[in-house]
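Here is a short tour of how the parts of this structure meet. Take a look at it first, and then we can go through the contacts together.

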2 protein chains.
Amino acid sequence: MTKNTSSPEKAFVTKVDIPPHFTGKLDGLTFAVKDLIDIARHPTECGNPTWARTHPTAVVHAVCVEQLLTEGARCLGKTVTDELAYSLIGQNHFCGTPLNTKAPDRVPGGSSSGSASVVASGLVDFALGTDTGGSVRVPASNCGIFGYRSTHGRISVAGVNPFAPTFDTIGVLAKDAETLTKVISVLAPNTGTLNEKQREVWVLDDIVAICDEEVQKAFEGIVGSVQHTSLSDILGVPTTYKELWEAYVVLQCTEIWSTLGAWVEDQQPEFGPVTHNSFHNIAKNADRKKIQNWICYREWFAEKIRGFTSKQGVLCFPTTPSIAPLIDTVGTSPSARTSGDYYPRALAIDAISGFSRAPQISLPLMTVSEAPVGLSLLGEPGTDQALVQLASSKGYKYKR
Amino acid sequence: MTKNTSSPEKAFVTKVDIPPHFTGKLDGLTFAVKDLIDIARHPTECGNPTWARTHPTAVVHAVCVEQLLTEGARCLGKTVTDELAYSLIGQNHFCGTPLNTKAPDRVPGGSSSGSASVVASGLVDFALGTDTGGSVRVPASNCGIFGYRSTHGRISVAGVNPFAPTFDTIGVLAKDAETLTKVISVLAPNTGTLNEKQREVWVLDDIVAICDEEVQKAFEGIVGSVQHTSLSDILGVPTTYKELWEAYVVLQCTEIWSTLGAWVEDQQPEFGPVTHNSFHNIAKNADRKKIQNWICYREWFAEKIRGFTSKQGVLCFPTTPSIAPLIDTVGTSPSARTSGDYYPRALAIDAISGFSRAPQISLPLMTVSEAPVGLSLLGEPGTDQALVQLASSKGYKYKR
């Protein structure tokens, strides 16, 4: 069994020391920034050498970084990302695999792999990531820390490299609920309200059922006495994770190729083998003429989820279908990473908030075979801050 | 008085003939695409020669273009845009000024100038534009056609050049309400519901009051018997258009410089004099450290508008504070275009939907001094289709 023995520091691609602009709500807190997000006078390399070579150095900080500096936080570095954000695994062919401190024989998860790693190692208090199809939630779950995907469109992506715009969001990885609560109050102000009804917690039974058996057991042991529903019940028709996964892949890949295809074809970038396959075989070959059917599906799905979360309460399910894959099992072969249906199941779970543009918080509450797994709460769009407060009030507090 | 005698055809930067993928809801309709939006195998020049030279040719259509082709529409060309979408005027230093057919001595409005021009000239049935701070609504108002700004984040911007991401939206210019209704049903499915209460129309008196007197008179003559409110009433504190304008400029400019600043500094592009000033003096010099205050302001404002439109009804006001400026008065000097406070007033009116991420429809209902002016309806986010249907049901139908 391969154990990642690299230093926690290697999760940084570069270290900086940018003092806060002013004092504020984040006084005394340190943070790191995924290398898909601009820091002034540093290249935004997006984890790929051809990208770095073909793009100019950032002249200003991304808007979300300005927000944190304005409120008193100090920036300590930029962190490793999967190439162009295109993976949930957390292994970069060029930058290596950031250490998963709590499970060193397992991958950290991606694409915000370095951001999760430096938080889990205690090198910073929190870190910025981006989450399109799970890129903050999956590494948070794998590394045993708090993770937050924001309501789509709520936090500015100006100065952040686009990938699949209707799914792209800013997210945060944090050491504890108190830190995350403060950071969300800065990045997504005015998202603090859930009425009494909306504070009910509902487990999605059909999502729990697609998780590994040991994750199901751990989940049942921790949720306590809550109400139960299912995606099929909410949608009003039977559904499967394969349907969500198929819809997500076509929607995401069509957007990815519109966003990055011209650069790929023009530059023929040097990619690691997995990323090469993702762009040249998967994104490029999406059946674009099917997009309208899946857009209609997505908006129908979104309306059902919004209807439920606005009237009934928040949805609860494991963040990932299993603990992080072993480093040995994913390797660098494009086919290996889908072994055991890990990838389709993870993407399907992540697509619930993706489709519905809803905020989601992953809490480091479970341990299975000595590795962490997250428990997620998903709420109505625009209730980001209330969601993390709800998690705390329900006693979903992380204890190291 | 300068009269634009250029041919209507010059509003195209290139003509194409792309047949639909399938038959569908848009059978028989033709459209054009602003040259900020990708058409496969054509450069997306964004109205600027340096941009064209430094970016690869698009390899696929933008997602929104695929949606239209899938549903039976035929694409006939790409249209002139203000450079990088950065103006509400509609004069491009390199491509010229697209003809405003109904008022040839006046500017067409921008930045979707060519898209408005080809629709008003009858060369296509509808056209795609983008609207960040008014770039569809202003040319619709100036040219006497229908204009639609979508709910933010609802229509994919994959394959569309970014400008200020929390404000960037896809919009449509159309010859009539029936065409617009069909196009919205394709681009923004599942946005068709307004309850009885939400169908009330409320005039924003303080917005009407900042319009030219002759526009106020025309507006009062056309709205009929509706209810009255004001921005100050909805916000619960007195406000002025200068406050909205200041907030909008800081928010937009901070995002613009994060999005395009690195390219501007790296390439030192050839710009027309107005665009040069906009990038090098306005966007670059925004006080980025103030961004957090204005983000909090924007989200507070958005919540108030959403609260009103979700419970009370749609907001109604003139789309622009005056008829289109005369070509002579705007010229190519950076200072001229703000004469008579036209620009701050127009940006302030446009910022209402910008801040609140709300859909807005501009209807070609007014004529002042023989030039068109639009009347706007603004609704709750996610009610795009219902909004255009409401306009039709209220008798706000355009008659040539």
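Domain bounds here come from an automatic or database domain assignment. For chain A, that assignment gives domain 1 (8–187) and domain 2 (197–393), and the C-alpha centres of these two domains lie 19 Å apart. This is a predicted model: local features need pLDDT of at least 70 and side-chain atom pairs count only at pLDDT 80 or more, while totals for chains, interfaces and linings use all residues. Residues are numbered from 1 along each chain as its sequence is written, and chains are lettered from A and ligands numbered from 1 in the order in which they are written.

**Between the domains of chain A**

- Domain 1 of chain A brings 52 residues to the contact and domain 2 of chain A brings 51; two residues are in contact if their C-beta atoms, placed from the backbone, lie within 7 Å.
- On the domain 1 side, the elements giving two or more residues are α1 (49–53), α4 (137–143), β5 (146–149) and α5 (177–187) of chain A. Helices (H or I, at least four residues) and strands (E, at least two) are DSSP runs, numbered from the N terminus.
- The largest share of that side, 6 residues, is from α4(A).

**Between chains A and B**

- Chain A and chain B each put 45 residues into their contact.
- On the side of chain A that touches chain B, α2 (63–70), α9 (241–267) and α11 (291–311) of chain A each give two or more residues.
- With 10 residues, α9(A) gives the most to this side.
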